[in-house]
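Subject: Handover of a structure

Dear colleague,

Please find below the structure that I am handing over to you. My notes on what was found in it follow.

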Amino acid sequence: MTVTGAAAERLIRIGEVARGAGVSVRAVRYYEQQGLLIAERSPSGQRLYRQDAIPLVHFFQQMFAAGLTSRRISELLPCWDSGHTDAEQRAMLRAERERIQAKMDDLQATLDHLDKVIAITDTHP
């Protein structure tokens, strides 16, 4: 889709999205390729994004860091846009939350073990 005139003023370029979200332009293109972001095009062919692309990219980064796949994230986008979920989406969200909590519990156990090793080794030269 090509944008002209006043409509383009409400949109931001790919570099602005990348800078605002603290990611590379390549990452923004990847999100677009995965169907997570939709770009419009200026008359000269430049990618243009809605203002909410920056917080959306932050959300993608968090979800990827938590281990979600592009497919899972795309399943969450209707929730992001509407603020509502259906029973299947809520079940998926709860399952992902439980998986992340289990991962955090494992990491906390590892951290506790390292703290014990550090405490023991601190008493020896």
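How many nonpolar, polar and charged residues does the lining of the largest pocket have, by class? The lining has 9 nonpolar, 1 polar and 4 charged residues. In this count, Ala, Val, Leu, Ile, Met, Phe, Trp, Tyr, Cys and Pro are nonpolar, Asp, Glu, Lys and Arg are charged, and the others, Gly among them, are polar.

Before going further, please note that this is a predicted model, in which local features need pLDDT of at least 70 and side-chain atom pairs count only at pLDDT 80 or more, while totals for chains, interfaces and linings use all residues. Residues are numbered from 1 along each chain as its sequence is written, and side-chain values use heavy atoms, with hydrogens and water left out.

The pocket

The volume of the largest pocket is about 270 Å³. Its lining consists of 14 residues, and those closest to the centre are Leu36, Leu37, Ile38, Arg50 and Leu56. A pocket is defined on a 1 Å grid over the protein atoms alone, as an open set of points where a 1.4 Å probe fits, with protein on both sides within 12 Å along at least five of seven lines; lining residues have an atom within 4 Å of a point. Grid points are joined across faces, edges and corners, and the volume is the space filled by probe spheres set on the points. At least two lining residues come from each of β3 (47-50), α4 (53-65) and α5 (70-82). The most are given by β3, with 3 residues.

The overall fold

The protein has 6 helices and 3 strands, in the order α-β-α-α-β-β-α-α-α from the N terminus. These elements are DSSP runs numbered from the N terminus: helices are H or I with at least four residues, and strands are E with at least two. The radius of gyration is 20 Å, well over the 14 Å that the globule rule gives for 125 residues, so the protein is more spread out than a compact globule. That radius is taken over C-alpha atoms, and the globule rule is 2.2 Å times the number of residues to the power 0.38. Along the principal axes, the C-alpha atoms fill a box of roughly 70 × 45 × 20 Å. Of the 125 residues, 28% are buried (buried means under 20% relative accessible area, exposed over 50%, and partly exposed in between, with a 1.4 Å probe and protein chains only).

The aromatic rings

There are 5 aromatic pairs. Rings of Phe, Tyr and Trp (its six-membered ring) pair if their centres lie within 6.5 Å; planes under 30 degrees apart count as stacked, over 60 as edge-to-face and the rest as tilted. Tyr30 and Tyr31 form an edge-to-face pair, at 6.0 Å centre to centre and 65 degrees between the planes. Phe59 and Phe60 form a tilted pair, at 6.3 Å and 55 degrees, and both of these residues are buried. Ring pairs link Tyr30, Tyr31, Phe59, Phe60 and Phe64 into a cluster.

Two individual residues

Glu32 lies in helix α3 (residues 25-33). Is Glu32 buried or exposed? Glu32 counts as buried because its relative accessibility is 19%. Beyond its neighbours within four places in sequence, Glu32 is in contact (heavy atoms within 4.5 Å) with Leu37, Ala39, Arg41, Arg47 and Tyr49.

Leu114 belongs to helix α6 (residues 87-122) and, at 45% relative accessibility, counts as partly exposed.

Yours sincerely
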